[in-house]
Amino acid sequence: MNTGRHVKRVLIVYHSFDGTEMGPIRIRRVARHLLRHDFQPVVLTTPATARSTVELPEGVELLRAKAPDLAAIYRKLRPRNAPPPGTTRGVNQNIGFTSAVNRWLMVPDKQIVWRRAALRTAREYLRASPVDLIFASLAPRTNLLVANRLASEFRLPCVMEYRDLWTGSPYYHLDQATWLHRKLHERMERNAIRGATRVSAVCRGIARHLQDRYSRELRAPVALNYNFFDPDEYKAESSPERTEGPMRIAYIGAMYTGRNPSAFFEGLRSFIDRHAVRPDQLRFRWAGPVLGLPALDAMLERLALRPYIDFLGQRTHAEALSLLQESDLSLLIQAPGDNIHIPGKLFEAMGARIPVLAVSEPCEVTEIIARVRAGWTCAHDADTVANTLAVCRRHVESRQRWPFDEAERDRFSADAAVGGLASLFREVLAS
């Protein structure tokens, strides 16, 4: 941190700061790197639990507001159905009852039970230790409600970040059960945006949606601050070139109904048959859950792909990054028709310096891949997937490093990305 300049204090409102999902990972990165851009973060969050095993950034003050641990409570309510060994649905769960509770009673989300304690803790702190600005990131949506109330009460500028859509989400029916629920969500979101000094989005599609829907409420155009990779989280490269061995394809993260892998697996089978690829020549290394794909096991059996697949189960974020670095390419699956979201694994692959294979229609994802020269893209079509895998194999067999556009890749590194967010903070404070 540059101690020759005045350091501003920012209150970050984020439920489950020490969670293991990509949202908490991003916010921890933001907090850690803001310190390098003359902002001292103070994080308003929930208490640590027995599941809190992540390493928290040094130099960040934490305000722990007590709240029920709903994840632990819900686990006790769910049937413990152990899947047969070797299946891909090891983390699929029977969540009917708890989903119903969330849909009908938890508005805008289940983290609403934390709101009162968060406000009480933050009020006590801010009366004794003022901050210059408030920053909150969605999801969960409750973060925005807490930030909006605090900004109003203490007359502070507030930046709200959208990492996902709220009322515009194509999955709104999962947590907005009735017309009344939708109206409540719409009113909450409109009030939150009206109270924000600036709104930021992590991709162009979300920014456009907010700009179109809330043009009257927004005080300024929606800013764009992408997700990013953090070079500090990757182990040092031991060799500049790939060693001998099978082609290794990594898939890190969840597979679910929207990101259906059918076209990829059909194309993989076709590629294997065309080129007589043996299991010792190709490994598909799969780490993460499967949600809402009950026919997946049957499809893998029908295609006889199990000898080529290494099911690795849930892995920590650090383990996932190591897995990427030890792979030749990273698979991305963009849901057909989704021209808004950008999978976080795109940026993680950039950090690991391996190319991606993106099964995606043309959208912002494919534009970024082309701009950064980050890998290959292909349609949701088995034949196209098979042809693209053949091209990937030729690169792997060349044993050459992937030729990224380094200047474009650096734009998605932590220092550049958080530097852009810090610039937005300074702009807000100067206005």
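**View 1. Arg373 sits in the loop between helix 12 and strand 15.** In this predicted model, the phi of Arg373 is near 55°, a positive value in a residue other than glycine. Because its relative accessibility is 44%, Arg373 counts as partly exposed.

**View 2. Asp38 lies in the loop between helix 1 (22–34) and strand 2 (39–45).** Here is another non-glycine residue with a positive phi, this time about 70°. Asp38 has a relative accessible area of 6%, so Asp38 is buried, the cut-off being under 20%.

**View 3. Strand 14 (residues 356–359) has buried side chains pointing both ways.**

**View 4. Strand 13 (residues 329–333) runs parallel to strand 14, joined by four bridges.** Leu332 is the residue standing opposite Ala358 of strand 14. To get from strand 13 to strand 14, the chain passes through helix 11 (residues 345–352), in a right-handed β-α-β crossover.

**View 5. Strand 15 (residues 375–378) pairs with strand 14 in the parallel sense, over four bridges.** Leu357 has Trp376 of strand 15 as its bridge partner. With helix 12 (residues 364–372), strands 14 and 15 form a right-handed β-α-β unit.

**View 6. Cis peptide bonds join Leu138 to Ala139 and Ala139 to Pro140.** Omega is about 15° for the bond between Leu138 and Ala139, and near 5° for the one from Ala139 to Pro140. You will find Ala139 in the loop between strand 4 (133–138) and helix 5 (142–154), and Pro140 is placed in the loop between strand 4 and helix 5 too.

Note on methods
Residues numbered from 1 in each chain as written. Predicted model: local features only at pLDDT ≥ 70, side-chain atom pairs only at ≥ 80, totals over all residues. Heavy atoms only, no water. Buried < 20%, exposed > 50% of the residue type's maximum accessible area, 1.4 Å probe, protein only. Helix = DSSP H or I, 4+ residues; strand = E, 2+ residues; numbered from the N terminus. Pairing = 2+ DSSP bridges. Right-handed = clockwise from strand over helix to strand, strands pointing away.
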